[in-house]
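Me: Hey, I've got this model open and I'm a bit lost. Can you walk me through it?

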Amino acid sequence: MLELIKEVTGLLVRDLANGRPPHADCPLRGRASKDLGSLWCVVLRFLPVLLIRDGGRTLLSVLCVAGAIALVLTFEGVRAGLHRQTRSFPEQLPGALVAMQSGVANLLGARSVLPQNARPRVARVPGVKAIHPLAGLPVVFSRGEQISPVYVLAYDSAGGPRSIVEGRGIENPDEIVVDVHLAHRHGIRSGDVVQFLDHSFVVAGLSGGTTNPFNPYVYARLENLIDLYLAGDLPEELAQSALSFLLIDLEDGSDPTAVRREIERSVPEVDVYTPAEIGENDVRRVEGFLGAPLSLLIAIAWVVATLVVALTLYASVLHRLGELAVMRAIGAHRTDLARLVVGEAILVSLAAFGAALVLAVGLSRLVDWAAPQYPVEPFGPLLIARALVSQVAVACVASAFAVRRAVVVDPALVFAQ
Amino acid sequence: MILRWTLRNVFAERGSLLAATGGIAVSLLLVLVLDGMFAGEAERIVAFLRDSGADVWVMQPGVANVHMASSLVRADLVADVSAVSGVAAVTPILYVSGFVSAGGREWFSYIVGRHADDELGAPRRMAVGAPSARPGEAIIPDVVAKESGIGVGDAVSFLGRDFRVAGISSGTYSMANSVTFASYEDLADLLSAPNGASYLLVKAANGVDAKTLAERIETAVSGVDALPAGELIDRDRRLALQMGVDVIRVMTWIGSLVAALVVAFTVYSAITTRTRELAVAKSLGAPARSLHGAVVLHAIVLLSLGYGAAGAMAIALREVVLRALPQIALRYTASTLSILALVATTLALVAAIVPARRVARVDPALVFRR
């Protein structure tokens, strides 16, 4: 290839010396067609050479574009992870329906207080098979210098921890099960004794799937807390929340909508939701808190990524103006140069997209290690498709700007090298 | 001589200069905005505590927070605390979390009940209306009013009761910790706590240290804990930021990593385009020191322009966000600006020195063979 360039340069010098346009009747055009098939073949032959010859710089371009795309994937993944994590806990509550204080529609951070007589009244509604009471209370958990908001969920016949990842479930009085990420943050292991709600509890086990972005869950047995409260060992607010939710099992064949309507009619102090609805309400609550900043950050990430991709590809073309001048000198048409530039942009973009996926996995793992309460899920199919399409579009737009610069390149520039 | 030549060349290639400066600017902007958002919310979260005027907070034993906490003490302890040496004023408040319904939307808020004529705990700045709520009235944050489309005289509801908006306060909104004010009487009624107070806000007399005063109060008054405001603010900030807001910090790490990559690449790329010129300069006798100087100057010029552009864009963005998304606070701190400048300069110099060293090692005769 270098020999070819040298030969073309020699011919070009001769043409210029004779006062002929540099590429109007470049004698190599025929040779190029004969040797390589067509000028497009020249482009295709040149492209890998240009990219590989400057491998270090090309690799950095790919990395830079990959970083920008990974940024978008990861930021979008943070939101997707928050939503999934927020939704998953309430969605997996046992029971077809959940009753809570009228006006309350969430589990996340909610304080629901039901009258004690709500339980038998709900149980009497036709279609209700069984009722499982839950007490829920957001409190502050502190250990040494560490403080964390947590949500105490005290259960009776159902609604306890679904997944124990260390130790065991609650079997004895004065035991609790703590969310595994919360436990790690506070350096707690199963079997440890912790001061909690002004009382000493033994951590029987650590639970998985109980983290959320606001307050991870801590399980206790309902009767144990009530006993402790009656003995004067627990704060008064616990008594106010001793009945927060009712998990409702339905008779086989009963219509959940009809049962729900009847419960709300006959017990006006409660509102009834399905676990899936509570999950959606919790997601809406997270969006209420964090929706605006997350949207702004994601929008900024898209803008930054777009500009970085465009500027990187544009800079790459500027870097190759010398080579493009050689191409012009050997008779390449503007369309050929345009194809070369766009081809390079798309090639770099596609390579970068693959690298971005790997980088996004790395960033997700890093976040999972450093802040496990925030799962990052950057691989939703829609997100991937959107990112890929956007990136190729940006690459085309950026290369359109670069093409304007490339096609007007003076073939004489080759002598400036 | 070579430095002047470098400067002339840097500014001669406007396309390259724009691409390099733009890449650096948007990367630094990303970090500034991410950190600014976190810093802004971290300040807003504790705005009520900071602006309350209290030097010491007195609360139920075992409680050491305001955010997420529930505290109840006897209201008649006001007299006991007032009698402690070094206390200038005591204000009891009731404090509870709830959802404020306004204009068809719901806002999580802490609701503070205080007597209209008390000295401490009032909103520091009012956008409009009265600074204290009378029975049946509420004072809501300006962001809630704007986003809900309501004003003074309109109705809001919380804790199952309707209130009339008597005032709109500034600086009392945060994503995790907004504050709505009501009358002490209304909140005592709603909480069934006519003789209780959640917290006692204590102002220290001139020259009395808050920590000393807190210790004196704990010694003199039984059945309460007392914390200096600074300590309480620190604990509350740490706690409140854990409730979702520190996701922004996680995103700041990610953004910073990517920004570092882009800054390093941009500078490296810009310097490598001048490798041949530097090789020519070397072949003409320029010493390695001059070549390194030229490279460093090039990197510093790019970084300075990028940093300046990022700063200008960040300020413009803050104004846009202030108007379009008032629930978000962007706060650019001097420490962040300094750290960012330092880290970016280090990165740029490292990225620039790599091609410079390559040029310094190159055989000067090589340039004539190219």
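Me: Let's start with chain B. How many helices and strands are there in chain B?

Reply: Chain B has 13 helices and twelve strands. Keep in mind that this is a predicted model.

Me: Is chain B compact or spread out?

Reply: Chain B is more spread out than a compact globule, because its radius of gyration is 29 Å, well over the 21 Å that the globule rule gives for 370 residues. Along the principal axes, its C-alpha atoms fill a box of roughly 95 × 45 × 30 Å.

Me: And how much of chain B counts as buried?

Reply: Of its 370 residues, 51% count as buried. If you take the contacts in chain B between residues at least 6 apart in sequence, 82% of them join residues at least 24 apart.

Me: Can you show me a residue in chain B? Where is B:Ser169?

Reply: B:Ser169 sits in strand S8 of chain B.

Me: Buried or exposed? And why?

Reply: B:Ser169 is buried, because 28 other C-beta atoms lie within 10 Å and 20 or more is enough to count as buried.

Me: What is B:Ser169 in contact with, apart from its neighbours within four places in sequence?

Reply: Its contacts there are B:Pro123, B:Arg125, B:Met126, B:Ala127, B:Ile139, B:Pro141 and B:Asp142.

Me: OK, backbone angles next. What's up with the phi of B:Leu159?

Reply: B:Leu159 isn't a glycine, yet its phi is positive, about 50 degrees. Most residues other than glycine have a negative phi. You'll find B:Leu159 in the loop between strand S7 (155-158) and strand S8 (161-170) of chain B. B:Leu159 counts as partly exposed, because it has 18 C-beta neighbours inside 10 Å.

Me: Which residue in chain A has a positive phi without being a glycine?

Reply: A:Asp174 is one of that kind, with a phi near 60 degrees. A:Asp174 is in the loop between strand S4 (164-167) and strand S5 (175-179) of chain A. A:Asp174 is partly exposed, with 19 other C-beta atoms within 10 Å.

Me: Why doesn't A:Asp174 count as buried with 19?

Reply: A residue needs 20 or more to be buried, so A:Asp174, with 19, is partly exposed.

Me: What about the rest of chain A?

Reply: Chain A has 13 helices and ten strands. Buried residues make up 49% of its 417 residues.

Me: How many residues of each chain are in the contact between A and B?

Reply: There are 45 residues from chain A and 44 residues from chain B. On the side of chain A that touches chain B, H10(A) gives the most, with 17 residues. That side of chain A divides into 34 nonpolar, seven polar and four charged residues.

Me: Last topic: which residues touch the most other members of the largest nonpolar core?

Reply: Those are A:Ile69, B:Val56, B:Val58 and B:Val202, in a core of 253 residues. The largest share of this core, 21 residues, comes from helix H10 (residues 275-319) of chain A.

Me: And what is B:Val202 in contact with?

Reply: Leaving aside neighbours within four places in sequence, the contacts of B:Val202 include B:Val56 and B:Val58. Others among them are B:Ala54, B:Asp55, B:Leu213 and B:Ile217.

Conventions:
Residues are numbered from 1 along each chain as its sequence is written. Chains are lettered from A and ligands numbered from 1 in the order in which they are written. This is a predicted model: local features need pLDDT of at least 70, side-chain atom pairs count only at pLDDT 80 or more; totals for chains, interfaces and linings use all residues. A nonpolar core is a set of buried Ala, Val, Leu, Ile, Met, Phe, Trp, Tyr and Cys residues joined through C-beta atoms within 7 Å. A residue is buried if 20 or more other C-beta atoms lie within 10 Å of its own, exposed if 12 or fewer, and partly exposed in between; C-beta atoms are placed from the backbone. Helices (H or I, at least four residues) and strands (E, at least two) are DSSP runs, numbered from the N terminus. Two residues are in contact if their C-beta atoms, placed from the backbone, lie within 7 Å. Ala, Val, Leu, Ile, Met, Phe, Trp, Tyr, Cys and Pro count as nonpolar, Asp, Glu, Lys and Arg as charged, and the others, Gly among them, as polar. The radius of gyration is taken over C-alpha atoms; the globule rule is 2.2 Å times the number of residues to the power 0.38.
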